[in-house]
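Q: Can you walk me through a few parts of this one? I'm new to this.
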Amino acid sequence: MQSSFQLAFLIPLLPLIGFLINGLGRNQLSKQWSGLIGAGTIMGSFLVSLFIFQSVESGNTAVVSYFDFIRIEGLRIPFAFQIDALSSLFLLIITGIGFLIHVYSISYMHEESSSSFARYFSYLNLFVFSMLLLVLGSNYVVLFIGWEGVGLCSYLLIGFWFKNQVYTKAANKAFIMNRIGDLAFLLAIFWLIIKTGSASFQEVFEFVQGNQGTSKFTATDITVVSLLLFIGATGKSAQLPLYTWLPDAMAGPTPVSALIHAATMVTAGIYMIARSNIIYSLAPFTLTLISWVGLATALLAATIALRQYDIKKVLAYSTVSQLGFMFLALGSGAYVAAVFHVLTHAFFKALLFLGSGSVIHAMGGEQDIRKMGGLSGKLKITYVTFLIGCLAIAGLPPLSGFFSKDAILLSAFLHQPLQYGIALFTAFLTAFYMFRLLFLTFHGSFRGTAEQQAHLHESPALMTIPLIVLALLSVVGGWIGIPAVLMHEADWLGSFLAPVLSSSTHEVSHATEWMLMSLSVVGVLLTIGFAWFLFRNYRERESKGLLRFFEHKWYVDELYDRLIVKPIFYLGRLLKEWVEPRFIDALVNGVGKTVQLAGRQIRFLQSGQIGSYVLLMVLAMVTVLLVQFFIRK
Amino acid sequence: MNALLVSAILGVLLMLSSVFIKNKSYIHTLALAGLAGLFMLNLAELNGWLLFEIDLKGMLRFDRYALVMNAIMLASLFFYLLLSGRAMEKVGPHYADYLALLFFICAGLFMVTGYASLLILFLGIEVISIPLYILTGSDKRNLKSNEAALKYFLLGSFSTGLLLLGIAFFYGARGNFSATVSVDPTVVGSSLQLASLLLLLFAMSFKVSVAPFHFWTPDVYDGAPTVFTSFMATIVKVALFAAFVRLFEDTFSLQFSIWQPWVAGFVVLTLLIGNLTAVFQQSVKRMLAYSSIAQAGFMLLAVYAINGDSKEGLLLYAASYSLATIGIFAVLSHLQDYTFDGFNGLAKKQPVVAASLAIFFLSLAGIPLTGGFLAKLFMIKAALAYQPWLAIVAVIMAVVSVFYYFRVIQAMYFRSADDQEMMPEFPKSFPILLLVTALLVVLLGIFPETLLGLLYF
Amino acid sequence: MVVLLLLLIPLIGACFLFLYKGDYRFASNAALRVSLASLLVMGARLFYWNTPEMLTFSVPWLTSLGSSFSLRMDGLGTMLSILTTASYFLLFWYLKDRSIERPATFFAWLLLAQVGMLGVFLAIDSLLFYFFWELALIPMYFLASQWGGVRRIPVTFKFFIYTFLGSVFMLIGILYLQSKTADHSFALESIKKIRLSSDQQSWLFWLFFIAFAIKLPVFPFHTWQPDTYEESPTPVTAILSAVMVKMGILGLLRWLLPLFPIASYMWGDVVMSMAVVGIVYASFLAMQQTDLKRLVAYSSIAHIGLMTAGAFALNNMAYQGLQLQLFTHGINILGMWILADLIERKMGTRKIDSLGGIAQQSPTLTIFFVIIALANIALPLTNAFVGEFLLFNGILATPSNYYWVFAGVGGLGIIFSAVYTLKMIRAIFYGEVNAITQKPIVLESHECWVLSVIVGLILFFGIYPQPLLDMTADFSKELFSLTDITSLFRKS
Amino acid sequence: MPINYYLFLAIALFSIGVVGVLTRRNAIIIFMCIELMLNAVNLLLVAFSKMHYKQAAAAAIPIANPGIDGQLFVFFIMVVAAAEVSVGLAIIVMLYRNIHSVDINFLNRLKH
């Protein structure tokens, strides 16, 4: 085993240590120290990840096993790490972007009291720890541990400002919706364990490939498992029908939204499905379902994003929409494309969120873009980086977004032209709402209050440097996966991931490919122009008709409330008010009551009259004698 | 045999003693000494040492079982006198005479436990009943006592009539009064046999207050002076049960199939009526009367299933039930208020008394680690050998009994007394004696072998 | 020998405290020492005294009945004994220097209950088992009825009657079995030798199951439980739900399943349906509760439902998970009750609506509460996770035809538990402070220690549960060999 | 004369006694009826004793004075009955002192 792999345990361990120090010493540590520890530990694991990455790139993979987490008769689940292309890639994303966001947070959160400052960083470190566990785990159980861990941290960080019950409500919502998915995920794991007798990726996949279609692992099993896993993914990665928690999750601090709800955690679902690609490539039905769900989510979220006014909400819905794209890719069997988009999306979406954070910071907590405008003058760096981010997400060459999105669109085209059409349309929508956001925020005239205007200022270096770095990444990040049609042998990512991800290689003529690219590029440019025309200088307008429908997020939250939340509540009340006291408990008490009632009645046999006593006795005797002599004879 | 004669003599002595000895405590001590002596003599006989050599002419048969039963009764009687002997003084002026009557009754008890001829059974029952009529009515000014006495007397002699008719038929069918197994199976099936069997069944059921012949019990127990109720409800009852068992074990063993269903029916009826009626009572004394009926239902299981278990069980039952009930009545006789509220807050004022009472009631309810539990266990085990459903009815009724027994425990421990001056005053030694009795009950529940060991060694 | 010590130490302690009425400080310290002693004995058993003759004890007793005073500590017994001794020690430590009226008697009753429960866990003679079963009940009844809340008398009486009713049915079953044994003995070994027809097994099964179901309690026999938990003084509630309910599970594992495997399979679907319905039902009610203690009580019913379902999954995974869960659930729920008691004592109310914002005033308490609550909903890396993981896994692998229904419906519990737990945390700790939650809750050092120990246990066994799993491996294997349906039907 | 006649006569007497107990209200009369029951039994016993004597004589069974025990029993019954009378009358008198009546219908302080 590669020597550098011995260090693998450091990657999650360092953030854990950071968590412990910050968590336990939160009352002693000064802000500098806790910030330093928080960011430093992540830096450390980033460096280790780099080591490991380059040794993976030189072709080494390994499963590093530490101890037996569960060992019973017939089941052994080791606590082991799997180090291969996929996990090492994610390691880099998580630790790298994580580090930048930690740095950013140091300045962003500086108004907090030192103890809650430390609390913030301890949560953040804990999150990174769990996320690393998630991607490092060599079996579904360890993956699930990280899976739930990130859910917990997201819960804690969304509700970070716990005085505000709206935030804590959003936190609960996020955790519970994730739990719904987790249940499906767990059931999938159980199913696999029962069928294959193991939970580790290698053994499971070998077993599945070996016995697929046989009685040991029937087609039904494959469908069930793949479906359950997918449901699990929809919870974590905010797909239909479980996406509504993500926009609410914006209640957390903006860096958190950047790290957890854009760059890393929400992509866990994609990671998990990509991990299980061997199972999925055997489940065509599920794949189709995934592609459609992804597409639907992308479209839905995009339409909603059109009419949002909270800068973070727009980004949140765009995140949902981009995740939809990734699932579309997965569904079309283009796992590499999906992972590619995860990578690029991580760059530019983190960038956008941090940019918005910088804006909010400048506006003194204001998030409504209707109150902004014309900030480009004051916030130069933010503006430029934000613009890059927008271009990247809109998918203009040669920025990163272009390549990944193009790959997805291509795969969709090959898989199902209709999906391609919708996806393309959605891409245009993306460009539209992103530039709407850009124009409303940075162009036109300032619409906020006077003291906000006075307060406007560019954020300090600790915040702008991460922006710049991310902007660079968003520009160049796509060049690791340049399709063959543009440049030969340039698809480094595809070849790097090839051992892990089964790539569907069906050839398409260069002509078509050119056509598709140009189509999307031209479309995007036109959309941007349209947006410019519309929002160059913005005037408040009452939205009506379909737009109104979009503005209210398709009333999905209300729908869920009617269909699920309320019924559960009323059923619970019914049980509490009626079934429990009036039925079950009444039955129990009824027995006791009956006994007492019987006592009350039988008592009257004892009339106190000798005559009646004798009479009863004689009657009894006569009956017995008669029965004995004339019946029982 | 020793005990029988000596107790009669002691009775006469005590009757005379009232002439010479004026100090009641001396008489009490004398009675206690007498009892101790009787106990010793009984044990001596158990070890085969007899005071007089008399040819019993097959009228009496003091086998081990009878002697052990006697020992139990004597022990219970001893504790009875210890605990509530002095309480008798409150009943009336004729203290020595009450004690004398007790000793006469003792003689009767030994006759019914050891009879080998129905003549002795009859005499024994009468020797028990007639003094009991007197004791029941001994509180002359108290109308309840009078009423109880008359009811007891009329109904009692009525049942005596039944008993005698049964014996007469028996004589007609068998030509003798011997209570041993019938050697001649031909006569077994005859109508006379049947009639005598049933009539004796009725009469005995009446004496041990088994439903539907139980009607006298609540009224008499309620009306009689509490001290004597305690005696009637415990020692007398277990003695008569011993007689009952012997009658159906030996005399009518061949008609087993005939009487067993009837006994089963009586068991169920008794358990139901006894327990259910007790649930609703307001006076603890009357509740105990009904509970004694309920317990009789359990003891009747010993008659129902005549086998080793049931006979041992009856011994355990006799001991634990008598001791517990005697203890409870002893406390009760010191209380002014016989309702459940009379016990309120006793635990705070008299922790030892309350603890002992709690043990007694737990034993009656059949909670493990008390004699009562093992006794019930034996009975249920015996019944299970024949009829599972009978056992199930029995245990369900045992649960019902918790309803009323625990009302006292709740009153003592969980409620507080509304007025303190209602609280009873006990003599100095009383709590200790009570505790000893309670410990005996517990010991019976933990090491029953010590008692059952007497049966066979 | 160890087993005898385990029973004797608390017994002596109880008698001593009954007789010697000391003041509070004395009584609590004495009780603490006693519980520490038995905990030490338990520790010694784990590391040194683990020879067979150490772990068994048998003297003739009630020989005329065919019974004997015989105890044996197998894996399951060890697990539960550790739980009992540990819970008692932690509880008494927590109760240090707190004023209760008539403290000596209070602790004496608690210790007596400990004797009863340990006896139940260790007895291998059915009659002895029944003895201890009742012995454990009586002290609880007295504790709850004397130190309890306003409605204590009727509520606890119902609890007593209900449980007693169940146990007498079991007594009939025991007696019947004894009469069927070759050597007319109550010993578990000779009872195991009986060959029972499936009909006999069926009705014996119900005689026993009713007793255990009421004790656990399993839906729909649960109605005594919330009232009792609410009315009892919280320390007693803690013992009731941390240790006493385990008597029911033990009954299932040591008596019911091995003695009547075929009936357990035949009625498995019925029982499992009751259990999983109970999970959902209790969760629904828990969501509706406004009283902290009632909420925890219902959540505990849900957990118990899961364990019961696991017991009837009839496979090794479920057995292992269940026995692990016995310990972890005990520790977690103990923590929950201690926290509930803290909050009630310091804030003067249990109504979660009237609380709120505690997190600002007393972060330490909040951290403890959140960790223990999350352990209660079986978050990974807390001790409950592995147990529930294996339990659900086993339930999905149960030989019934409806395995997926049971797993699915039971799984809803995972979601609902999150719902009501987070609801509770949010209502109690988050939001702005109000008049009641003004003053911060300062934890005294020993309270802090107790909670830290609990949290430590939660995390340690959440990360490394293997020791506990190994402890019960043999027992589970044996149990599985006795209840393995496929082999059973091959035999008969 | 066959034994049955005595048998039926005795049973008739006994039943009359029972019916008397059932129907009458006066304590003393009830007591008399009970005495009637006892005497019916006496008659029966004597008759049986005679019968057994005859049978023994016919079968020439060598028992010392057969059937005598039945007659002895009768004497015992008489003695006991006398004792009962004394006690019973005493009780009735005591009652009469207190409530100036011997009607059992007034005796229902103790009930339920």
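What follows is a short chat about some of its helices and strands.

A: This is a predicted model, where local features need pLDDT of at least 70, side-chain atom pairs count only at pLDDT 80 or more, and totals for chains, interfaces and linings use all residues. Residues are numbered from 1 along each chain as its sequence is written, while chains are lettered from A and ligands numbered from 1 in the order in which they are written.

Q: Which residues are buried in helix 2 of chain B?
A: B:Ile27, B:Ala31, B:Gly34, B:Leu35, B:Leu38, B:Leu41, B:Asn42 and B:Glu45. Helices (H or I, at least four residues) and strands (E, at least two) are DSSP runs, numbered from the N terminus. Buried means 20 or more other C-beta atoms lie within 10 Å of the residue's own, with C-beta atoms placed from the backbone.

Q: What comes after helix 2 of chain B?
A: B:Gly48, with a positive phi near 80°.

Q: Switching to helix 10 of chain B, where is its kink centred?
A: On B:Lys237, with a kink of about 30°. The bend at a residue is the angle between axes fitted to the seven residues ending there and the seven starting there.

Q: How many of the residues of helix 10 of chain B are buried?
A: 24 of its 26 residues, so the helix is mostly covered.

Q: And chain A, how do strand 1 and strand 2 pair?
A: In the antiparallel sense, over 9 bridges. Strands pair if DSSP finds at least two bridges between them. A:Ile70 has A:Ile77 as its bridge partner.

Q: Why is strand 2 of chain A largely enclosed?
A: Because 7 of its 9 residues are buried.

Note on methods:
Buried ≥ 20, exposed ≤ 12 C-beta atoms within 10 Å, placed from the backbone.
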